[in-house]
Amino acid sequence: GNAIDAGVAAGIATNVLESQFTGFAGVAPTLIYLAEEDRVLTISGVGPWPNAASCEYFHEHFVGRVPKGLLNTVVPAAPAIWILALEKFGTMSFGDVAAAAIRFARDGFPVYPMFRSRVEDSRASIEQWTTTAEIFLPDGHLPEVGQLFVQTDLARSLQYMADEEAAQAHKGRIAGLVAARAAFYEGDIGAAMTRHQAEEGGLMTMDDLAN
């Protein structure tokens with residue numbers, strides 16, 4: 001591969017290894033330096049608000065403030081940005097560059113001091129969200145330094161994208177990348193996210209993801 005492939009691989013791995021700071025379903029502001037052209041490209045890497053999240057909505061319901069929780073949610077940008085970078089400037093498949101991240105999520109990685117410290121500092125906030133606490137506070141306890149930290153659902157999501165890509169690989173690398181993106185924004189992952197949003201009072205819909 002090339003430097004772009006490596007950068008995307010590192011970025012996705014960071015979404016797993018530093019998931020207390022950054023998530024795969026989060027943002028990914030990106031700078032790409034094209035040495036042959038001596039040019040820097042910027043990808044904003046931040047998704048828009050859901051269509052229903054208008055200024056009028058928040059004025060009407062929350063006195064103009066955006067509350068914490070699912071209402072403070074933009075459409076995930078990171079997956080689209082990683083795939084866009086691969087499509088335009090990379091040489092490898094999503095499955096190839098995500099392989100290490102999938103392994104770290106599926107098999108776990110040793111908790112390191114900064115990871116534990118960050119989770120400890122955020123414990124009160126984490127405990128407000130049951131599904132988040134199940135991941136970052138397994139069995140209700142802080143993960144200990146050296147303990148394997150496993151993110152099974154994240155591994156399944158990444159693997160699903162890779163599998164959908166592989167199913168279209170016979171059509172070429174770009175077709176595979178399109179399929180990986182669709183798996184997140186138009187397939188089962190998107191459906192699960194928007195179902196959770198609806199159940200918990202969020203505003204994001206499948207149309208928001210698809211657009």
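Rings of Phe, Tyr and Trp pair if their centres lie within 6.5 Å, with the six-membered ring used for Trp. Planes over 60 degrees apart count as edge-to-face, and planes under 30 degrees apart as stacked. The model used in these exercises is predicted.

**Exercise 1. Aromatic pairs**

Find how many aromatic pairs the whole structure holds, then classify the pair of tryptophan 49 and phenylalanine 58.

*Solution.* 
Step 1. A search of the whole structure gives 13 aromatic pairs.
Step 2. Take tryptophan 49 and phenylalanine 58: their ring centres are 6.3 Å apart.
Step 3. Their planes stand at 65°, so this pair is edge-to-face.
Step 4. Tryptophan 49 has 37% relative accessibility, so it counts as partly exposed. Phenylalanine 58 has a relative accessible area of 5% and is therefore buried.
Step 5. Look for linked rings. Phe109, Tyr112, Phe115, Phe136 and Phe149 are joined by ring pairs into a cluster.

**Exercise 2. Charges over rings**

*Solution.* 

**Exercise 3. Salt bridges**

Count the salt bridges and describe the one between glutamate 144 and arginine 116.

*Solution.* 
Step 1. Side chains of opposite charge can pair when their charged atoms come close.
Step 2. The count comes to 6 salt bridges.
Step 3. One of them joins arginine 39 and glutamate 37 at 2.7 Å, N to O. Arginine 39 is partly exposed, at 36% relative accessible area. Glutamate 37 is partly exposed too, at 48%.
Step 4. Another joins arginine 106 and aspartate 107, at 2.9 Å, N to O.
Step 5. Between glutamate 144 and arginine 116, the closest N and O atoms are 3.5 Å apart. This pair links distant parts of the chain, 28 residues apart. Glutamate 144 is in the loop between helix 7 (130–136) and strand 4 (148–149), while arginine 116 is in helix 5 (residues 113–121).
Step 6. Glutamate 144 has 41% relative accessibility and is partly exposed, whereas arginine 116 has 19% and is buried.
Step 7. Shared partners join Arg116, Glu120 and Glu144 into one salt-bridge network.

**Exercise 4. Positive phi**

Describe the phi angle and the setting of aspartate 38 and of aspartate 139.

*Solution.* 
Step 1. Aspartate 38 is not a glycine, yet its phi is positive, about 50°.
Step 2. Aspartate 38 lies in the loop between strand 1 (30–34) and strand 2 (39–43). Its relative accessible area is 59%, so aspartate 38 is exposed.
Step 3. Aspartate 139 also has a positive phi, about 60°.
Step 4. Aspartate 139 is in the loop between helix 7 and strand 4. With 75% relative accessible area, aspartate 139 is exposed.

Key:
Residues numbered from 1 in each chain as written. Predicted model: local features only at pLDDT ≥ 70, side-chain atom pairs only at ≥ 80, totals over all residues. Heavy atoms only, no water. Buried < 20%, exposed > 50% of the residue type's maximum accessible area, 1.4 Å probe, protein only. Salt bridge = Lys/Arg side-chain N within 4 Å of Asp/Glu carboxyl O. Helix = DSSP H or I, 4+ residues; strand = E, 2+ residues; numbered from the N terminus.
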